[in-house]
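Please look over the protein model below. The report goes from strand pairing to rings, then to helices and the chain as a whole.

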Amino acid sequence: MPAAEPAAALHYFNRMQHITPGVRRLQRPRLLASPFRNLSLVALALASFIWLGCATGAFKVGTSDEIRFGFFGEADPEINSWVPKVEQWQARARRDEPKTRPSLPQESSQHKADLSGELRRKMGAFQVDQRQALARKINDWAQDEARTHYRFDRDQRNPARDHWPTFAELLERNGDDCDGLDLIAYELLREFGFQPGEIYRAVVKRDSDGRNHMVTLWFEDRDDPWVLDATGAMSGIMRKFSQLPGWTPTVVFNAYERFGVTRLTLPVAGLRP
């Protein structure tokens, strides 16, 4: 799919979904419990103990003023057990990736807007709004499709056997669990012209029970990315990471880069060091 301007891309999604422009559907948060509604209670019980997790359950929304994360640290395999798994996926993803992709601008219009006058600032602000609207539509569409194409992976409980598919494998199999379905949003963002340095996959851990999950992060802000969650276990709509307390990112990566994540504790307002 060629790169498209945000307005054209929005029109594309509106036509696909028969949505009146400007009218946003109210959506019920989609949890990973929904693909299992026709399975036995035994299967549901087993699903709650899977390894990568594709964590289920109600998500918590709020803000965390004291906790932030440094998303682009060193990915050290000595201290981060996810790194070898990420490296395996990266090798296969680079092999399967299409040889040609549309050339992407190296300097965003928003950056240029900071260097010019009022009209350029307005254009930059308009582009930011349109990109956010497009990303939300991509997230909503990915969640709709994930409900149809979710596939339970019995090997999730076994780290040595659990297979993270490439995008080509996801399409060939016509579905997967959270470690494959997050590629829907990830790849669509790339196809619609979001820059490679903005879009990453991430393994996140739920603090309450240690369950792991896979999501796509859009770094419009390098310190606080947007979370696009195809299966809806972390969030039913696109939100900033800081608005989703109770989750810790453990590794951030794409087909060519990988980063460790550090927890940053910010000073509490009113307290002096």
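Strand 2 (residues 199–206) is mostly covered, with 7 of its 8 residues buried. Buried means under 20% relative accessible area, exposed means over 50%, and partly exposed lies in between (1.4 Å probe, protein chains only). Strands here are DSSP E runs of at least two residues, and helices are H or I runs of at least four, both numbered from the N terminus.

The model is predicted: local features need pLDDT of at least 70, side-chain atom pairs count only at pLDDT 80 or more, and totals for chains, interfaces and linings use all residues. Residues are numbered from 1 along each chain as its sequence is written, and side-chain values use heavy atoms, with hydrogens and water left out.

**Strand pairing**

Strand 2 runs antiparallel to strand 3 (residues 212–218), and 7 bridges join them. Strand 2 is also antiparallel to strand 6, through 6 bridges. Two strands count as paired if DSSP finds at least two bridges between them. Which residues does A202 face? Its bridge partner in strand 3 is V215. In strand 6, A202 stands opposite V252.

The hairpin of strands 2 and 3 has 5 residues between the strands. There, G210 takes a positive phi near 75°.

**Aromatic rings**

The structure holds 14 aromatic pairs. Rings of Phe, Tyr and Trp (its six-membered ring) pair if their centres lie within 6.5 Å; planes under 30 degrees apart count as stacked, over 60 as edge-to-face, and the rest as tilted. Two of the pairs are tabulated here.

| Pair | Centre to centre | Angle between planes | Geometry |
|---|---|---|---|
| F71 and F241 | 5.6 Å | 70° | edge-to-face |
| F72 and Y200 | 5.5 Å | 70° | edge-to-face |

F71 and F241 link distant parts of the chain, 170 residues apart. F71 lies in strand 1 (residues 67–73). F241 is in the loop between strand 5 (239–240) and strand 6 (247–253). F71 is buried, at 3% relative accessibility. F241 is buried too, at 4%.

The other tabulated pair joins strand 1 to strand 2. F72 lies in strand 1 and Y200 in strand 2, so the pair ties together parts that are 128 residues apart in sequence. Y200 is buried, at 2%.

The criterion is NZ of Lys or CZ of Arg within 6 Å of the ring centre and within 35 degrees of the ring normal. The charged end of R222 sits over the ring of F72, 3.9 Å from its centre. K240 lies over the face of W226, at 5.0 Å from the ring centre.

**Helices and loops**

Helix 7 (residues 178–191) has 14 residues. Helix 7 is largely enclosed by the rest of the structure, because 14 of its 14 residues are buried.

Positive phi values occur on either side of helix 7. Just after helix 7, G193 has a positive phi of about 100°. N174 is in the loop between helix 6 (167–173) and helix 7. N174 has a positive phi of about 65°, although it is not a glycine. This residue is partly exposed, at 42% relative accessibility.

A93 lies in helix 3 (residues 83–96). A93 is buried, at 10% relative accessibility. Leaving aside neighbours within four places in sequence, A93 is in contact (heavy atoms within 4.5 Å) with T166 and A255. The C-alpha atoms of A93 and T166 are separated by 5.3 Å, although these residues are 73 apart along the chain.

**The whole chain**

The protein chain has 7 helices and 7 strands. From the N terminus, the order is α-α-β-α-α-α-α-α-β-β-β-β-β-β. Of its 273 residues, 47% are buried.

Among contacts between residues at least 6 apart in sequence, 71% join residues at least 24 apart. The accessible surface comes to about 14400 Å² (Shrake-Rupley method, 1.4 Å probe). Carbon and sulfur atoms account for 54% of that surface.

Note on methods: Expected span 1.5 Å × (residues − 1).
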